[in-house]
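This report covers sheets, domains, a chain contact and a helix pair. The sequence and model come first.

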4 protein chains.
Amino acid sequence: MIAHKKIFNDPVYGFVSVPRGILLDLIDHPFFQRLRRIRQLGLSSFVYPGALHTRFHHALGALHLMQEAIETLRQKGVDISPDEAEGACAAILLHDIGHGPFSHALEHSLAALHHEELSQLFMERLNLEFHGQLELAIRIFRDEYPKKFLHQLVSGQLDMDRMDYLNRDSFFTGVSEGVIGYDRIIKMLAVHEGELVVEEKGIYSIEKFLIARRLMYWQVYLHKTGVSAEKMLIHALRRARELSLSGVSLEVPRHLGWFLFREPDSNPDAAEMLAHFSKLDDNDLTAAIKYWSEAEDFTLSFLCKGLLDRRLFRLEWHTAPVEESHVQNIRERITQKWGKEAILDHLLYTGSESNRAYNDTREQIKILFKDGTVKPIDQCSDVPMYTQLVTKYFVCYPKGLDL
Amino acid sequence: MIAHKKIFNDPVYGFVSVPRGILLDLIDHPFFQRLRRIRQLGLSSFVYPGALHTRFHHALGALHLMQEAIETLRQKGVDISPDEAEGACAAILLHDIGHGPFSHALEHSLAALHHEELSQLFMERLNLEFHGQLELAIRIFRDEYPKKFLHQLVSGQLDMDRMDYLNRDSFFTGVSEGVIGYDRIIKMLAVHEGELVVEEKGIYSIEKFLIARRLMYWQVYLHKTGVSAEKMLIHALRRARELSLSGVSLEVPRHLGWFLFREPDSNPDAAEMLAHFSKLDDNDLTAAIKYWSEAEDFTLSFLCKGLLDRRLFRLEWHTAPVEESHVQNIRERITQKWGKEAILDHLLYTGSESNRAYNDTREQIKILFKDGTVKPIDQCSDVPMYTQLVTKYFVCYPKGLDL
Amino acid sequence: MIAHKKIFNDPVYGFVSVPRGILLDLIDHPFFQRLRRIRQLGLSSFVYPGALHTRFHHALGALHLMQEAIETLRQKGVDISPDEAEGACAAILLHDIGHGPFSHALEHSLAALHHEELSQLFMERLNLEFHGQLELAIRIFRDEYPKKFLHQLVSGQLDMDRMDYLNRDSFFTGVSEGVIGYDRIIKMLAVHEGELVVEEKGIYSIEKFLIARRLMYWQVYLHKTGVSAEKMLIHALRRARELSLSGVSLEVPRHLGWFLFREPDSNPDAAEMLAHFSKLDDNDLTAAIKYWSEAEDFTLSFLCKGLLDRRLFRLEWHTAPVEESHVQNIRERITQKWGKEAILDHLLYTGSESNRAYNDTREQIKILFKDGTVKPIDQCSDVPMYTQLVTKYFVCYPKGLDL
Amino acid sequence: MIAHKKIFNDPVYGFVSVPRGILLDLIDHPFFQRLRRIRQLGLSSFVYPGALHTRFHHALGALHLMQEAIETLRQKGVDISPDEAEGACAAILLHDIGHGPFSHALEHSLAALHHEELSQLFMERLNLEFHGQLELAIRIFRDEYPKKFLHQLVSGQLDMDRMDYLNRDSFFTGVSEGVIGYDRIIKMLAVHEGELVVEEKGIYSIEKFLIARRLMYWQVYLHKTGVSAEKMLIHALRRARELSLSGVSLEVPRHLGWFLFREPDSNPDAAEMLAHFSKLDDNDLTAAIKYWSEAEDFTLSFLCKGLLDRRLFRLEWHTAPVEESHVQNIRERITQKWGKEAILDHLLYTGSESNRAYNDTREQIKILFKDGTVKPIDQCSDVPMYTQLVTKYFVCYPKGLDL
């Protein structure tokens, strides 16, 4: 008596069941196993020590929710064939397959890395290996499949990606306020003229979902300590690259080095790049940071030691672009304290971060009323939606400057 | 080795510890034990079968949060003497002591019952019994004590009453979206010029608290099935009173009868009223409904059987006052189906319900910035606060009318 | 688009889905709605204030687990037809339908009430009303259906009744140690030669389940304060009956009076009894207690006031039958304090309570090994099973006796 | 208004508050920050993908419980001075400071590493840096302080280490059955003649704690897949060392190389060893595995690729030592499949694992009765304690051998 499903343990949902077949084979593939070594929240564990969960676990969770959503829709009479269900499941499973280590950090540092291009490369490569079994999944992923709601379940205002990550990030950070009623929202999903809609009585859950998302952005994803650590990491990578290109020899894991220390303007072969990229994970960056914390260059080792021992830079949020006089003052103090070795560009950062809880310009969340009419949510809710773009400006610099 | 505290089990917080002394003595008093028999959410268990928790448990929970809030404030250097702490704790413990059975139902039916007057009567009576030990609690409760923040912890925009009930109601209904970050909010509380304020980094938690409150109102407190049941109960009580005053003999628990079947305009003695009122709880109303479900009067037994077997009336929400033609149509169908015995005033109800998530006209939530400035939250948050009064109109009538 | 299922809110499992049809019709029946007014844990809320959950909610939860168990077994290739699934679901839904108010209390007081006879009466009556649709459910319930594992899911060592009540009682009391891995156990269930077995890797979960059950017995079901309250209730009912039979007039809800105050030896008609019994719930007993707390008889009003105001008797556990000298001493103190009015038989109780975590004499839990062999768990586990009958003796009497 | 405490987010307890001063300074020290990069459960995330939590988080959690235990004991009148409280807190915070990467793996591979010696070295070194402020903590840790119960809270049958790890491991694995009533147990702690005891009514919680511990051992800590991965890692390290000592050049992070590739018999200087050891964490081993997965040696790359892509060996549990004929058969298949390059000693492992839920030979859990007497738990509980040493034998080898 062999079960038709393999069961994964998940403290968020209890268990995630995966049917034997293509879905389980994808999970067993080294490309997917790599996601075990890439954290969902990058450096946020500096703020939330429990936030060590990986993209591997997130993808499994999103798959779980996709299965629930499909079951709910079928019970309401929506026609979804077994192949379509499998396609949607494979698409959600692979939606993050192209993510690199501490994702945004590396993407920001390396011109050669285009996240979307990589995802495409991974999927096509897997489709080849699996003899075309991923065709449907790829069409759903690219929004080229007629039943648009399947794509919307993978990538849309209420997709299973967001449902899982809000839920999961809330669980592992311990920020209970990020908890969303994912099960309630999923039970309220329906399909109207081929598109995903939400039943009327789900309006309050959607409002709650949007505010939870907003809260998670500012409280977790854009937490000042996490942003500070990310900026430090980006500048450590840039400094290492500068040194390497100028001839300084630095220890670095091989596949990371391929990306980081390559000549500018070189135009790599896609297959070669994929071969290297598929070997990269968080571990390579951490290893590099550990090596470089003992480097001779003051700026590089200062940044890397800071990341290692959690001596992170101070980040100030401002409601307007930071005044130049304030920035100049900080610059002077840095030079005063550490001398010319301290490269200001890598030790003092300014910039901004933005978030919009509900972006109504791309695609609206639609509400289905009992009488069969459908309206965008901002015409249904009796409170304003969170459509504003909220922008905060920052300056970030080492602590202990005696400003 | 006797512990200085008594421990109450609470699935919401794990345990609630109560120091031996006046607080435990209050809990042991029959007036307070009566709250064991009064549900926090009245008839909402028709919608949320787990929502059977009582005002007794809620008061204990609010006491628990008060103790945490006081500890947090003291750690931040706010001066709160042992007497003041005890006073605030006693005040929150007794804040609901005057509640009657299925509270609002009875209040709406009986002219003689003034909720606030009753609370005052209870507190004064207890103060007498406890030889004046409740003086300070009463002053805090009435906002007559100089340290205003103590009153605000008992009754204000962010009081421990709300913190507990949102949390507790969310727990027992299973509406996970009502979960608030009560512990995070409490940790962010501070005192500025004698008033309660929230530290800057608590802003998102406050936004989340307000939206959770809004959601709980429409999803739980004003759920159409719960509202329908409450209207039916109110009209059952009114019908019973009509019949009684017109000479029909109806079985009724004695103390309930004292209130329900007394002559209009009679002016009862306060002490006598308290003696009867302190014997009333949910059980008396349920007992009456069970008796009357077998009454001869069609309207009364129809309402009571409906409440007993959960054959509740349909309630339609409208965005504007319900059109008279629609109401008239329902009236005709009722008469057509049940004849003249069916008293329309008690079988068809119209009206409205309103809610405002954040009422900024009474008292503002104030945010304390790191530089020491304090501003009302609507000048700090970069999203609009939920200050609108949202009103919904309803018509409510028996099912099966073939409209 | 109407969903094929109705959804019930449940804080324990999130949601319970019930397909429209016979199962939902059973739930809507007044017999089943009556269970909304019967608490699962009787008087335990005196100890655990959150333990107010009802047999209604428990039956829904057990139904939910039955659906999960059936799905798991089907995925492992066990043949269960739609009719058999519905039968097993109906059987678990109705397994507690014959329970009376504060169940054991009343059963112990009234000779006329046989719990099993009542369950049979209810089921047969419902089967008539539903035109024989419950035949299969009744056969499964009575263990007269060939696929024995279906009965074992309803009533056996690992039935869905126990799974739900341990889980649910643990949730609402807040005794987190009673939590069982119900989902893990259900996923480990299998069928071997028509009987329910547990896969090898579920052994530790079963051990844990048994110890959790043991813990819940002594910490919740047989908690000394709860036992004390139950004894007081039983004796209040007995005293009321004595008074009534001796001609004293006592107020009592009608249907309760039919049972409580009837002549001994009278042999009631089954249909008549069912008519009265189906109107009884916890509320009738509480109403009676409230009436009698104002009775003239000292013993009766003493017991009822105690129950009302939670002035419960002290209960001492002893490891051997309580010594007569100790009991005699208590007797004398009672008489000394309250005089002859205090009827000793109703104010001082002795007796014993027993529990066996795992009763291997009736039916064994069987473990299925990978090689296909099956063994009783006590031959598989490398620790001893909890098969001992543990008995504790008690004496119970009013507090404040100055012993 | 600066809070006197720093707050850490913890999904297990909500928040952990740490007073500013020596405790916070210890946490900020690089030695302690290193624990952020050492997982509590090593390779168990291969089985439980959520089990990525670190010794850093565990130490904070244990500190939290220590603070609660101290508060409980003080409320019961136990005298604990502020210095003693701080000492016990520092001791629990540092109890795991000497742990290496994937702890047991490395300890088993490297003769030079003595776990206990390292802990001592770390503590003494920190005591020097903190000018002797850790004297009391070290005495408590070493059980050299007169108030023995303080040591027992750090290291004993019911210490805060176990309380936290059972709880935390259960949380992050999702094995809900490992949940213990840590708050209930802590509330039941007391001190009798200087030793830690448990109040009588805590007996069932202790039983539950022991069985939860047993369950966690076999279900998590000794899960066959986790054990298999650990054996593979140990043999990869051994093989790398063999190769290195025989002159093969292998990439390796510097500090790891210092331990791994040093000559046998060399006797390192303690300070030098500490300098290297304090730079080691999980990351170094993972980096090495990634390097070696591309090594030329078949055995080494086979093991490392397996660990990287989760192609783990099969592990069979046996109740007796595995028969030689079975082992011999596997050996032959391996050679048949991979030829002589496959070094059997590193691809086929036999051995045993043992666990005893309650080891009564070292120190007994003692129960305090209301009459003041104290007895070991095995004389109080009416069920047998889990004192047996349970041993299981295993054989472990690559999958796909067609046995």
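## Three-stranded sheet of chain A

In chain A of this predicted model, three strands make an open sheet, ordered S5-S9-S6, with antiparallel pairing. Strands pair if DSSP finds at least two bridges between them. Strands (E, at least two residues) and helices (H or I, at least four) are DSSP runs, numbered from the N terminus. The edges are S5 (314-318) and S6 (349-355) of chain A, each pairing on one side only. From one strand to the next, the twist averages 30°. Angles run from 0 to 180 degrees between N-to-C directions; axes are lines fitted to C-alpha atoms, for helices over the stretch in contact.

S5(A) and S9 (residues 390-397) of chain A run antiparallel, joined by five bridges. Glu316(A) has Val395(A) in S9(A) as its bridge partner. Helix H17 (residues 324-338) of chain A packs on the sheet and touches S6 and S9 of chain A. Its direction makes about 25° with that of S9(A). Helix H12 (residues 224-245) of chain A lies across S5, S6 and S9 of chain A, at about 120° to S5(A). Contact means that C-beta atoms, placed from the backbone, lie within 7 Å.

## Numbering and confidence

Residues are numbered from 1 along each chain as its sequence is written, while chains are lettered from A and ligands numbered from 1 in the order in which they are written. The model is predicted: local features need pLDDT of at least 70, side-chain atom pairs count only at pLDDT 80 or more, and totals for chains, interfaces and linings use all residues.

## Four-stranded sheet

A second topic is the sheet with mixed pairing. Its four strands form an open sheet in the order S3-S4-S7-S8 (chain A). S3 and S8 (374-376) of chain A are the edge strands. Neighbouring strands are turned by 45° against each other on average, direction ignored.

S3(A) and S4(A) pair over four bridges in the antiparallel sense. His192(A) stands opposite Glu195(A) in S4(A).

## Domains of chain A

Chain A is assigned domain 1 (5-94 + 134-222) and domain 2 (313-403). The bounds come from an automatic or database domain assignment. Taken over C-alpha atoms, the two domain centres are separated by 27 Å.

In chain A, 20 residues of domain 1 are in contact with 18 residues of domain 2. On the domain 1 side, S3 (189-192), S4 (195-199) and H11 (203-221) of chain A give two or more residues each. H11(A) gives the most, with nine residues. This side has eleven nonpolar, three polar and six charged residues. Ala, Val, Leu, Ile, Met, Phe, Trp, Tyr, Cys and Pro count as nonpolar; Asp, Glu, Lys and Arg are charged; the others, Gly among them, are polar.

## Contact between chains A and D

Chain A and chain D each put 26 residues into their contact. H15(A) supplies the largest share of the chain A side, four residues. That side has eleven nonpolar, eleven polar and four charged residues.

## Helix pair in chain D

The axes of H15 (residues 282-292) and H16 (residues 298-309) of chain D come within 8 Å and cross at roughly 125°. H15(D) and H16(D) are therefore oblique to each other. Angles under 35 degrees are roughly parallel, over 145 roughly antiparallel, 65 to 115 roughly perpendicular, and the rest oblique.

Ile289(D), Lys290(D) and Trp292(D) in H15(D) meet residues of H16(D), including Leu300(D) and Cys304(D). The contact residues divide into six nonpolar, one polar and one charged.

Note on methods
Two residues are in contact if their C-beta atoms, placed from the backbone, lie within 7 Å.
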